[in-house]
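Notebook open, model loaded. I'm jotting down what I look up as I go.

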Amino acid sequence: MSASADSEAALSGRRGATMRDVAALAGVSIKTVSRVVRGEPGVSAALTRRVTDAVTMLDYRHNLAASTLRGLDRKTAAIGLVLMDVANPYASQLHRAVEDFAHERGTLVFAVSSDEDPARQRQVLDALLSRRVDGLIVMPVGDEYPLLLHEQRRGTPVVLVDRAEDGAGLDSVTVDNRDGAATATGHLAAHGHRRIAFLGDLHTIRTAAERYAGYVEGLARNAIALDPTLIRHDLRCIESAERAAGELLDAADPPTALFSGQNLITIGVLRAVQRRGRQNRVAVVGFDDLPLAELLDPALTAVAQNPAAIGRAAAELLFARLDGDAGPPRHTIVPTRLLVRGSGELRP
């Protein structure tokens, strides 16, 4: 048996099949399995097919980290963090909080971006799991909860962050998106606004859907009829948000207030308002704060999340599982707060 196969067998534990298992099922040597999974030439088509069939049947994942690991404690001292975009200010703050907590435990963090693409998410998850990270913190994209639950059952603890699915069977940390959006909408209504527009992210993203639901709830609480002409969904970047906000502001009967459901959308909204010279006439509230938002004129009123608290709570949950906590799934809710600074207090 090769050194890499010995290392993999020792480290696999309850994390699924080993190279030895694949070799036994396929009726080939461990060296042949190694050559196939590494994509090396010189293996016949028939043997390759036997190995790949065995890999599929055993749900085997090649351990790229095995050759570099030392000891038999079954730990790689690394965790994976999957975010929508590591460059997003919210994501970067969350990342830093996770990294700081992991550093206290002598653990590295591999952070990657999914770009809100389910296919890319599967690719980066597979890359992280192939390196046998000890656990995962994931901002999930689409309906990938069964995949993540499957990995948890194979032995890799998973914590969802920012987004959660009822009954997913996984630990999660979120904010109360619906209540925060309802509070923001009610705040604009309290300052005399009846035509309040909503600009949101992809409607398929759970947080975006929750914030839209909060907007609708906030209107209902203040006896304001829902006007579909004031709603824009599926805004994926600053430029698309600016175009959507511009269309609303240039309409014959424009909104007097704009509620943005995400920080990059807020930047686009602010650009559209300022380029029309209406920053002191149109009220704006954003979900998520922005760096230097208090230096704008007027300063931005925002529903502030606490990404540092979210990241730390997620890391605490994950390391509790790594330390042996086998209790039922837990859902931690981090509160939001409305930062009143001026842009949301302009009257129509």
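**Salt bridges.** I searched the whole structure and got 25 salt bridges. This is a predicted model, so I keep in mind that side-chain atom pairs count only at pLDDT 80 or more.

On the domain 2 side 12 residues make the contact, and on the domain 3 side nine residues do.

How much area is buried between domain 2 and domain 3? I noted about 1000 Å², with carbon and sulfur atoms giving 50% of that. I also checked this pair of domains for salt bridges, and the count is zero.

**Helix 2 on helix 3.** I turned to helix 2 (residues 19–26) and helix 3 (residues 30–37). Their axes come within 9 Å and cross at roughly 105°. The range for roughly perpendicular is 65 to 115 degrees, and helix 2 and helix 3 are therefore roughly perpendicular to each other. From helix 2, I listed Met 19, Arg 20, Val 22 and Ala 23 as making the contact; from helix 3, Ile 30, Val 33 and Ser 34. Sorted by class, this contact of helix 2 with helix 3 has five nonpolar residues, one polar and one charged.

Last, I went through the backbone. Most residues other than glycine have a negative phi, and most peptide bonds are trans. Against that background I wrote down two entries.

- Asp 297 and Pro 298 are joined by a cis peptide bond, with omega at about 0°. I located Pro 298 in the loop between strand 9 (283–287) and strand 10 (301–304).
- Asp 115 is not a glycine, yet I read a positive phi of about 55° for it. Asp 115 is in the loop between strand 2 (108–113) and helix 6 (118–130).

Key:
Residues are numbered from 1 along each chain as its sequence is written. This is a predicted model: local features need pLDDT of at least 70, side-chain atom pairs count only at pLDDT 80 or more; totals for chains, interfaces and linings use all residues. Side-chain values use heavy atoms; hydrogens and water are left out. Axes are lines fitted to C-alpha atoms, for helices over the stretch in contact, and angles run from 0 to 180 degrees between N-to-C directions. Helices (H or I, at least four residues) and strands (E, at least two) are DSSP runs, numbered from the N terminus. Angles under 35 degrees count as roughly parallel, over 145 as roughly antiparallel, 65 to 115 as roughly perpendicular and the rest as oblique. Contact means heavy atoms within 4.5 Å. Ala, Val, Leu, Ile, Met, Phe, Trp, Tyr, Cys and Pro count as nonpolar, Asp, Glu, Lys and Arg as charged, and the others, Gly among them, as polar. Buried area is the accessible area (1.4 Å probe) that two parts lose on being put together, summed over both. A salt bridge is a side-chain nitrogen of Lys or Arg within 4 Å of a carboxyl oxygen of Asp or Glu.
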